Amino acid sequence: MEISSKENTHFFSNNTILPVDRSSFKSESSTSKEKQSCCGGIKIFLGALSFVYFAKALSGSYLKSTITQIERRFDIPSSLVGVIDGSFEIGNLLIIILVSYFGAKLHRPRIIGAGCLIMSAGTFLIAMPQFFMGRYRYERSAPTINSTLSLSPCLQDKSQTPLSALEKAEAKINAGCEREAGSSMWIYVLLGNLLRGIGETPIQPLGITYIDDYAVEENAALYIGCVQTVAIIGPIFGFLLGSLCAKLYVDIGFVDLDSVAISPRDAQWVGAWWLGYLVAGLISVLAGIPFWFLPRHLPKAGSRKDSSTSSEHSKFITEENKDQHTSYWQQAKLAEMAKFLPSLKNLFGNPVYILYLCASIIQFNSLIGMVTYKPKYIEQQYGQTSSKTNFVIGLINIPAVAFGIFSGGLIMKKFGIGVLGAAKLSLGSSLFGYLLLLSLLALGCEDAEVAGLTVPYRGTKPAGELEPALFSECNSGCSCSRSAWDPICGGDGVTYISACLAGCRASRGAGKSTVFFNCSCVGTSESSQSSSAVVGPCQKGNECPKMFLYFLVISVITSYTLSVGGTPGYILLLRCIKPHLKSFALGIYTLAIRVLAGIPAPVYFGVAIDTTCLKWGSKRCGGRGACRLYDSSALRYVYLGLTLVLGTVSIFFSVAVLWVLRKRSSPQDEILSANGERGACGTESRNDHFVNSDQLIQSTYWPEKETRL
């Protein structure tokens, strides 16, 4: 059969000499044009995909920067904000299998374009509640009539306030209550983030495989590296955008800003969180436009074209052979599907893979929870504004992470580190990083001095319980609300929950310039200090700015150190899996991280943080709102302690990985690794007890496989 096929080929070549010569002459110019169109097409796709990666990274990081803004705007606890944050992963998981399987068989660029439209629709949906909820109303302990009429915040008698003013205020509250009673607008934020997750799903699997299919093989790794580099820039701009929007009042353009009585340092301040989502949604729309005009297939270039040279010979295949060819591939697919369970068993029978998977799941739980609530921690622990917090994270922390990832890869390449060395480097970076994180427990600020919550009123016994401590002898004659949060800063440097609870009997001015006088609770019994107070909480102690500076330095070093181990850990994962199981292993790894870390971590971190709240806000219709004041010490121990406990458990699993690798490795593997050869992940060439009943991973280095990565 082989002889006859060769004879047929020879026959055709002998009988078509002149046409072949002419076609070969034409093919030289057509080949060069095809190569130019291929290079141009793949570069256009590369640019478009890089912009999409930038857009999705920007919108994702912007959501992290608005966590506290969303919590305050919708009056919801941190645990519910964690559910909203995890909804992105839920949306991603809903269609990841469908996209990965059917996406490659369809028009990949247009599927990515459709994903961008869905992602932008979800981003716009997140911002929509701002336009349906009405104006933001922060808590006020007493109604403000105008700047000329001076009312006593300490309402000893309700007849002191004009009846019409009380009736109007009550009517406004009732009207607002009717509007809020039938709506839970935070659901739209959750659904929008869910849509973002659905729209983002096809970008990575289809975009990377498209580059890998049509780029010149030696350039594929470079192109993918360019895309990942641009993706790192996205979070920087996302947090900087969050910093800019947090400076602006939530209803900017709709209200007179001079009438706003709160400042960015106040726990009730809400920035223009919705504005950044409109910007991010517009960028996502623009990023998706080029994909609608890109072709489904590009001409294969260079060495990849050689693999398709058999297409010319396929013209001479008969219909019968085509049918046999199709049935053969169908049988091959069925056989491949039949190997699923054995492959799964083989994968989970690999001790290094299982141990590293457990270590990664627990470590990502700690890192995701820490990153999600880091802005809240900085705001509450060090008294910083949301704007400054986002600016610091975007401009300092994220570049440190990017530099750490790059350094890890550079160290692996420069020193020719093998699998065992990669495990040591990954373990060392985690151990050193969490030790640095442990030092942050000592870099905290004292609780803000809030009368009745963290410090007692003047001349009274220390505050024991929350509710009874709000009232004292100095404000016993005032008709004050227990649930109101309208803080003022007294002349004694103590924050009072409201002017009424401070016993203030006179005020002058309006908005941020309001000054309260004759406050019976302000001052000390030993010395007669000024009994006046101004709007807004007092700043934390003088040592707090210095502590914040130390925190920033150690936080940047910690971020860099933990990121150094990312690349070695990834290489360890890939090289401990047999070549034909790598894609399957990575799929299981990604699925496990998202289901067991990406979704639950923000929720239980939020629940733990809620337990440290000292003063909850109240909704207009009753019920608990967002937290206004946290116990600084308890917040520090819960937030950092939970991160450290999870990190310590992950280190134990990493030690187990290293122990298994040492047990399975041989001196020859160490020598090969030192010479830059590919380690065998501790496989032994004589005994097959590292992998079940299949061939072992080859000890030789396979350049093509590493280029594909």
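What share of the contacts in the protein chain with a separation of 6 or more comes from residues 24 or more positions apart? The answer is 78%. Hi everyone, and keep in mind as we go that this is a predicted model.

Let me start with the overall picture. The protein chain has 709 residues, and 47% of them count as buried. Its secondary structure comes to 26 helices and seven strands.

Now let's zoom in on one residue, serine 78. You'll find serine 78 in helix 4, which covers residues 78–102. Is serine 78 buried or exposed? Serine 78 counts as buried, because its relative accessibility is 0%. And who are its partners? Leaving aside residues up to four places away in sequence, serine 78 touches Glu71, Tyr373, Lys376, Gly606, Ile609, Asp610 and Tyr630.

Finally, a word on confidence. The average pLDDT of the protein chain is 76, and 73% of the residues score at least 70. Two stretches deserve a mention here. Residues 143–149 have a pLDDT below 50, and this stretch makes six contacts in the model beyond near neighbours in sequence. Residues 157–171 also have a pLDDT below 50, with nine contacts in the model beyond near neighbours in sequence.

Notes. Residues are numbered from 1 along each chain as its sequence is written. This is a predicted model: local features need pLDDT of at least 70, side-chain atom pairs count only at pLDDT 80 or more; totals for chains, interfaces and linings use all residues. Side-chain values use heavy atoms; hydrogens and water are left out. Helices (H or I, at least four residues) and strands (E, at least two) are DSSP runs, numbered from the N terminus. Buried means under 20% relative accessible area, exposed over 50%, partly exposed in between (1.4 Å probe, protein chains only). Contact means heavy atoms within 4.5 Å. pLDDT is the predictor's confidence in each residue, from 0 to 100.
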